[in-house]
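Let's take a friendly walk through this model together. Have the sequence and the 3D view open, and follow along.

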Amino acid sequence: MASLLNQLRGLTTVDCDTLDAHVARIYGPFADCTSNQAIVLAEITKLDANGKLIYQTLIDEIIPIAHWMFGNQTDATVEELASELLAVGLALRFIPHLNGFIHIQTNPKWCYSTEKTVKNAERIVAHLKHLAPDFDTSRICIKIPATWEGLQACRELERRHFIATLATIVFSMEQVALAVDAGCRYVAPYVNELRVHFDATYTDANKDRAALFCGAAQRYCDEVASSASAAEAAHGSLNLQIQTQVLAASLTSVEEVMRLAGAVKHITVSPPLLMELEATPAAGWPGASTVGAAAAITGSRVNGDAVRLKELVRDQSQWRLAFTRAEAGESERKLGQAIGIFCDMQDQIERLVRRWDLTGKKYARG
């Protein structure tokens, strides 16, 4: 009997929101694998039945490389380098179960600096080349928080360095429009603010509207791509611009996932939800009438906003003001909250690396 996961795959591309390759072996193959500092931290601290770190071998391999790299550059600390290398090392284990991108998130501490974010992204690609020289680096997508500076970094990476990017932590059409204008491959609206994953007592009261926002974001991406194609055709030229696709993220229930089915191009799903989707028969599922409900938004709403948004992305001060006012300030608040949480996770990873480095003095170089 077909499961909800089977049904979902028939409507939308399914990505895996974890770096646990065991999950991929069970529920894969997947298109893409998404990650962030919280996911990396969760993986590198996992213990086996004997209380030993599951990824001790990877850790032992990565920290000496971080020391070696530290001596050849001045942009990052040993701990920062090791945290990036660990994320790449974990993602590489996923490759046999993917046919698309591996997504690595930049250091959130640099999300208000275009220059540092670009350097960080280039460094992540270099790490991939170092750890897996034969891997096709066109299959790495860099996740970047959707601040003004972060989205300008996406623009530079896509257009000058030919590195694929994903604009993440998105809560407003202002962010979507700027991501599309920057040429991002993906834009990742959050259905729930990040806090819900770390505070069991908290519920995002706006998640139903956020699901509709995901559908509106996909419609906007489609409309921009359609307009660009029409304009190129009118001038007798070929449209080579890659269409931005919506990759919905931060989901907490099967119901939320299925509302997005068919309404967006991609959905990234966590292991617990993958398990529940696979275990739930599609036939007779009580929520069947809500499948794809996030697509329920009129074209006129999207088209009417498109003109304003296309003008907005050309003016930094006006874009910042519009973003600050979006959803009565809630979009900016949620972005700041998520950046803060990811910075905390980055700090924890760096502290672990420092502790492991001090404990295993064999890592120290020079």
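**Starting at the pocket**

Of the 30 residues that line the largest pocket, those nearest its centre are Asp17, Ile39, His197, Ser270 and Pro271. Keep in mind that this is a predicted model. The space inside the largest pocket comes to about 600 Å³.

Which secondary-structure elements each supply at least two residues of this lining? They are helix 3 (37–44), strand 4 (164–170), strand 7 (266–269) and helix 11 (271–279). Helix 3 gives the largest share, with 4 residues.

Now turn to helix 13, which spans residues 316–325. Trp319, Ala322 and Phe323 are buried in this helix. Looking down the axis of helix 13, you will find its buried residues within an arc of 100°, so they line one face of the helix. After helix 13 comes Glu327, which has a positive phi, near 50°.

Our last stop is a glutamate, Glu79, in helix 5 (residues 78–92). Is Glu79 buried or exposed? Its relative accessibility is 15%, and buried means under 20%, so Glu79 counts as buried. Which residues does Glu79 touch, leaving aside those up to four places away in sequence? Glu79 is in contact with Glu350, Val353 and Arg354.

Key
Residues are numbered from 1 along each chain as its sequence is written. This is a predicted model: local features need pLDDT of at least 70, side-chain atom pairs count only at pLDDT 80 or more; totals for chains, interfaces and linings use all residues. Side-chain values use heavy atoms; hydrogens and water are left out. On a 1 Å grid over the protein atoms alone, a cavity is a set of points where a 1.4 Å probe fits but cannot get out, and a pocket is an open set with protein on both sides within 12 Å along at least five of seven lines; lining residues have an atom within 4 Å of a point. Grid points are joined across faces, edges and corners, and a volume is the space filled by probe spheres set on the points. Buried means under 20% relative accessible area, exposed over 50%, partly exposed in between (1.4 Å probe, protein chains only). The arc is that of the directions from the helix axis to the C-beta atoms. Contact means heavy atoms within 4.5 Å.
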